[in-house]
Amino acid sequence: MEPPDAPAQTRGAPRLLLLAVLLAAHRDAQAEVRLSVPPLVEVMRGKSVILNCTPTGAHDHYVLEWFLTDRSGARPRLASAEMQGSELQVTMHDTRGRSPPYQLDSQGSLVLAEAQVGDERDYVCVVRAGAAGTAEATARLNVFAKPEATEVSPNKGTLSVMEDSAQEIATCNSRNGNPVPKITWYRNGQRLEVPVEMNPKGYMTSRTVREASGLLSLTSTLYLRLRKDDRDASFHCAAHYSLPKGRHGRLDSPTFRLTLHYPTEHVQFWLGSPSTPAGWVREGDTVQLLCRGDGSPSPEYTLFRLQDEQEEVLNANFEGNLTLEGVTRGQSGTYGCRVEDYDAADDVQLSKTLELRVAYLDPLELSEGKVLSLPLNSSAVVNCSVHGLPTPALRWTKDSTPLGDGPMLSLSSITFDSNGTYICEASLPTVPVLSRTQNFTLLVQGLPELRAAEIEPKADGSWREGDEVTLICSTRGHPEPKLSWSQLGGSPAEPIPGRQGWVSSSLTLKVTSALSRDGISCEASNPHGNKRHVFHFGTVSPQTSQAGVAVMAVAVSVGLLLLVVAVFYCMRRKGGPGCRRRREKGAPPPGEPELSHSGSERPEQTGLLMGGASGGARGGSGGFRDEC
């Protein structure tokens with residue numbers, strides 16, 4: 001039988017158990033260890049990396065350990081560290097043969113110098129804090145490596161477009177990368193979407209190899225069913241690789257082209273040398289006939305000439321060229337080219353022909369010689385004949401002036417202006433670069449033609465004696481006339497610039513009364529006769545200015561002579577009776593001065609008419625003078 005207080009004890013026991021559990025849980029929550037470890041760390045190959053492991057909370061004593069998780073799942077210990085007060089005592093345990101070896105820094109972080117692909121593992125950090133408990137965290141290390149330059153190896157053979165299945169195009173290699181790159185293919189810059197499963201239209205295969213260094217290499221081979229349009233296509237591949245922090249890179253290979261085999265579908269045959277639009281070539285030129293089919297590889301070409309419906313084979317080669325050196329008119333005719341392609345379809349025309357037309361132009365012939373001499377005012381007809389193909393066109397010119405078209409040149413009522421060189425030019429309208437010329441010189445025989453430059457008098461309308469004048473005479477004719485003057489001094493006859501056949505001479509002289517009366521003439525003469533021109537001057541006035549000067553000079557001379565005679569006469573007559581009588585009658589009263597006719601004193605004149613001092617003494621009183 002239970003004691004009376006048993007129900008009360010039974011009820012209190014669960015309460016005590018719950019309180020104990022709560023106290024224990026509270027004590028554990030305060031002592032729990034937590035770690036700060038990055039779950040993923042990314043680094044480029046060859047760079048150093050630090051894996052941090054930081055306990056949270058204040059713990060005076062704890063042990064930190066780093067473990068490596070290998071591929072078998074084992075966890076070898078790499079290093080440990082024990083916190084003693086404020087210092088961390090580090091111990092390295094198993095470096096796993098790594099070079100450089102693992103290290104722990106003063107904070108307990110794991111240091112990996114020069115990260116390698118083999119370092120790509122899970123690293124576990126464990127912290128034991130005694131009563132505070134144990135905690136662990138894992139850091140995943142990813143090591144990235146940029147692959148080498150992308151290489152491509154195209155198929156060097158000849159690929160046929162007539163194959164019904166896909167053929168190997170090229171192999172692309174991306175070596176030593178991490179993680180493994182991805183390869184894509186391109187045609188003319190456009191990405192090819194090809195499956196990895198075998199397909200008649202096209203597919204690609206891939207193979208990954210891990211190198212001894214731990215890096216990865218990828219090989220991709222492309223297979224396609226080719227078309228004729230691919231003969232000019234450009235192919236290449238590209239490797240896409242990953243980098244830390246989600247970045248990506250791309251390395252493209254060089255481009256390449258394929259050598260395709262496809263049958264001929266079209267043939268072209270044409271004249272390769274310069275020719276006219278109508279297809280003419282000049283005789284003597286080098287002519288090239290070119291034949292091309294659009295098949296590949298280049299088939300053999302047979303070049304021939306058709307004569308009487310028979311083929312005369314001229315050449316057979318893989319270039320499709322036929323060269324005719326110095327072609328002649330006899331080589332005109334039909335030429336052909338045939339493509340020897342046995343893979344071509346039956347409905348393809350493998351032969352082509354063309355017409356070779358050789359243009360020629362023989363030298364021109366004139367009905368007259370190089371020189372034609374005709375009398376003045378006569379007429380003549382000159383014919384120009386030529387042979388050529390196509391039919392030549394004839395044209396006459398003189399001094400670049402067109403005279404007419406056709407073989408015949410009519411000359412009527414010819415004058416000295418008809419003298420000169422006449423050119424017959426033959427040309428081929430359809431062959432502009434082929435032409436010939438022939439010329440003759442026309443000499444017009446006849447009496448000289450004479451022209452004189454008219455002379456004009458001075459501005460006042462009349463000639464004066466002594467005026468200087470230049471006379472000019474011009475002449476032409478055949479034979480060339482001689483020019484002469486009726487007076488000496490004429491210049492030699494010289495050609496006149498710009499006036500064909502004309503010569504001129506000049507004479508410079510002074511006008512005289514004799515010229516006014518007789519004139520002066522120039523004369524042109526040749527075996528056919530002569531012509532003369534007389535220059536007249538009309539009335540020639542004397543030179544008034546010179547006559548007046550002469551008269552004045554004579555008058556002055558006569559006046560001076562009379563003055564000298566008068567002075568001499570007075571000197572001879574000084575003191576004679578006649579003079580004394582004149583003095584007595586005409587002497588003024590004593591004390592009055594003698595005046596001149598103008599009423600003023602003229603001492604100079606008086607002194608001139610007076611005698612010397614001795615003469616005055618002899619004549620009487622010094623106050624009188626002799627007057628003559």
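Visitor: How many helices and strands does the secondary structure of the protein come to, and which residues have the most contacts inside the largest nonpolar core?

Guide: This is a predicted model, in which local features need pLDDT of at least 70 and side-chain atom pairs count only at pLDDT 80 or more, while totals for chains, interfaces and linings use all residues. Residues are numbered from 1 along each chain as its sequence is written, and side-chain values use heavy atoms, with hydrogens and water left out.

The protein has six helices and 46 strands, taken as DSSP runs (helices H or I, at least four residues; strands E, at least two) and numbered from the N terminus. Of its 628 residues, 36% are buried, that is, under 20% relative accessible area with a 1.4 Å probe, protein chains only.

The largest nonpolar core holds 32 residues, and Leu35, Trp66, Leu110 and Tyr123 have the most contacts inside it. Such a core is a set of buried Ala, Val, Leu, Ile, Met, Phe, Trp, Tyr and Cys residues joined through side-chain atoms within 4.5 Å. Elements giving two or more residues to this core include strand 5 (63–69), strand 10 (122–128) and strand 11 (134–144). Strand 11 supplies the largest share, five residues.

Leucine 110, leaving aside neighbours within four places in sequence, is in contact (heavy atoms within 4.5 Å) with Val49, Ile50, Leu51, Trp66, Leu78, Tyr102, Gln103, Leu104 and Tyr123. Apart from this core lies another, of 26 residues, among them Trp280, Leu374, Leu428 and Leu442.

Note on methods: Buried < 20%, exposed > 50% of the residue type's maximum accessible area, 1.4 Å probe, protein only.
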